Amino acid sequence: MIEENFTQDHDDIELLLPWYVNESLDTRDHGRVAGHISVCAECRQSVALLTEVQDAVLRNKSTPIVPRPRINDLVDAIESRESYRRLYGRRPRTLIAA
């Protein structure tokens, strides 16, 4: 049961990672994400990659190449916008990267 709860929370947190990186989450969601990434190596890795991409875009440098499996995860997350709406009752904020 604990593993199932962690998996569900993990899936929810993955949807919030881009907004965690650009610091646009409300206090409650920011705390949830911070707590989760303190115990989840996979999400810490995703945060590091998202931060690297964001830094490159903000500094107008070449954007790092995202490994193919991570791209697939990103596409899956984007396609799951409807599940985000069902979970939180609102549309997710739109993240645009150049």
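Is D29 buried or exposed, and at what relative accessibility? At 0% relative accessibility, D29 counts as buried, where buried means under 20% relative accessible area, exposed over 50% and partly exposed in between, with a 1.4 Å probe and protein chains only. The structure is a predicted model, in which local features need pLDDT of at least 70 and side-chain atom pairs count only at pLDDT 80 or more, while totals for chains, interfaces and linings use all residues. Residues are numbered from 1 along each chain as its sequence is written, and side-chain values use heavy atoms, with hydrogens and water left out.

Salt bridges were examined across the model. Side chains of opposite charge can pair when their charged atoms come close. A search of the whole structure returned four salt bridges, each defined as a side-chain nitrogen of Lys or Arg within 4 Å of a carboxyl oxygen of Asp or Glu. One of these joins the side chains of D9 and R32, with an N to O distance of 3.1 Å. Because D9 belongs to helix α1 and R32 to helix α2, this pair ties together parts that are 23 residues apart in sequence; helices (H or I, at least four residues) and strands (E, at least two) are DSSP runs numbered from the N terminus. Both partners are partly exposed, D9 at 27% relative accessibility and R32 at 23%.

The buried residue D29 also takes part in such pairs. Its side chain meets that of R32 in a salt bridge of 3.5 Å, N to O, and the two residues, three apart in helix α2, are separated by about one helical turn. D29 forms a further salt bridge with R28, the closest N and O atoms being 3.5 Å apart. In contrast to D29, which is buried, R28 is exposed at 53% relative accessibility. Taken together, D9, R28, D29 and R32 are linked in a network of salt bridges.

The nonpolar interior was considered next. In soluble globular proteins, nonpolar side chains tend to be buried together. The largest nonpolar core of the model has 12 residues in all, including W19, Y20, L25, V33, I37 and V47; such a core is a set of buried Ala, Val, Leu, Ile, Met, Phe, Trp, Tyr and Cys residues joined through side-chain atoms within 4.5 Å. Helices α1, α2 and α3 (41-58) each supply at least two residues of this core, and the largest share, six residues, comes from α1.

Two cysteines, C40 and C43, are also members of the core. C40 is buried at 6% relative accessibility, and C43 is buried with a relative accessible area of 0%. A disulfide is a covalent bond between the sulfur atoms of two cysteines. With a disulfide taken as a pair of cysteine sulfur atoms within 2.5 Å, the whole structure contains zero disulfides. The sulfur of C40 has its closest cysteine sulfur in C43, at 3.7 Å, and is therefore too far away for a bond.

A backbone feature was noted at E23, which has a positive phi of about 60° although it is not a glycine. E23 is found in the loop between α1 (2-21) and α2 (27-37), and at 69% relative accessibility E23 counts as exposed.
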